[in-house]
Each structure stands twice: as C-alpha cells, then as structure tokens.
Amino acid sequence: MASAYFVSDIHIMSPHCERARAFLAFLRSLSGRSNATHLVLLGDIFDLWVADHDYFIETYAEIVDEIRRLQKEGVDISYFEGNHDLHLKYFWAERLGLTVHDGPTCVTLGGRRLRLEHGDQMDPDDRGYRFLRWFLRTPPVRFLIRHLPGSLITRIGDRASAASRD
C-alpha cells in the first residue's frame, strides 16, 4: 500500500532554524522502518531557493542529503515550485533526479486521482502576482538568475521574500 507524505509552506529560513530541524527529523523518520512510497514537496519548503546556486546547495546540504537518502531508498519524490522557490529543475531534477513541477499536475496515488499544486496561482484575479510569476520564468530572467552571483540573487530574494510576507 502506498504511503504518501505531503509538505508545503514551511519556509525554512536557515539550516539551524527550528523549521529546518523539524523537517530533518521528519525526513529521517521516513527512513527504512517507514512505509513511505511518496514524498511530495508542494512548494515554499525553503523561504528562498533559486535555481542551482551553490549558496543554496551548500547552505541546505544536510536537508539535500536526507532527500537524496530517501530517494536512494526508493521513495518517489516530487517537488512543486512555489513563490519562494523557483527554477528548481536545474538542481532538483537535473542533478538529483527528482520530479519537478512548475504548475498544477494530476497524479494517481493509492488508486485516487489527485490534483496537486503549490497554490500560489489559485487567485485568478491577482493579476500583479500572476504577471510577476510569469516574468520571473521568462527566458531572459531565467538566464540572469542562473548567471548572476548567488550572493546577489540571495539579497534580491531575501528582500522579495520579506516583502511578500508583509
């Protein structure tokens, strides 16, 4: 029998914060003795993760290692982009082999058909956000995000993240 676990919007702000420790404990609890078959990360796991910058990979290495371990144990892991984590395919899909979704998708788990998504696109009337989401995913911006220094991306992202919480 399939056992799927879903995690969303925990907004881990540093590798030492309480949320990071709790998430690591949760990931470790799924290991070996668990019957976990699927782990679905429904966006905003991190308060900021952009593309495959070394800053994020190194900062959250312990979490990445736990996710890799679960994947090696046979847990099917999917990661949905949120509004605080984007361009995930460069690291999470291409380097780790996770399934990455940048929008809603339907899956069948345990004989049930589910529509899964982060939820940041649920309000069709939020034209400002929908434009920003589109803009951040255009080829020129994607190119800039991948080639600007990680420290600059982090400063910009931290400001944007704080503004979105306000």
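Helices (H or I, at least four residues) and strands (E, at least two) are DSSP runs, numbered from the N terminus. This is a predicted model, in which local features need pLDDT of at least 70 and side-chain atom pairs count only at pLDDT 80 or more, while totals for chains, interfaces and linings use all residues. Residues are numbered from 1 along each chain as its sequence is written, and side-chain values use heavy atoms, with hydrogens and water left out.

**View 1. The whole protein chain, element by element.** Here you can find 6 helices and 8 strands. Starting at the N terminus, their order is β-α-β-β-α-α-β-β-β-β-β-α-α-α. The radius of gyration (taken over C-alpha atoms) is 16 Å, close to the 15 Å from the globule rule (2.2 Å times the number of residues to the power 0.38), so the chain of 166 residues is as compact as a globular protein of that length. Along its principal axes, the C-alpha trace spans about 45 × 35 × 30 Å.

View 2. Strand 7 (residues 105-109) pairs with strand 8 (residues 112-116) in the antiparallel sense, over 5 bridges; pairing requires at least two bridges found by DSSP. Look for Val107, which stands opposite Leu114 in strand 8. The hairpin leaves 2 residues between the strands, and Gly110 in the turn has a positive phi of about 55°.

**View 3. Inside the protein chain.** Of its 166 residues, 43% count as buried, meaning under 20% relative accessible area with a 1.4 Å probe, protein chains only. Among contacts (heavy atoms within 4.5 Å) with a separation of 6 or more, 70% come from residues 24 or more positions apart.

Note on methods
Buried means under 20% relative accessible area, exposed over 50%, partly exposed in between (1.4 Å probe, protein chains only).
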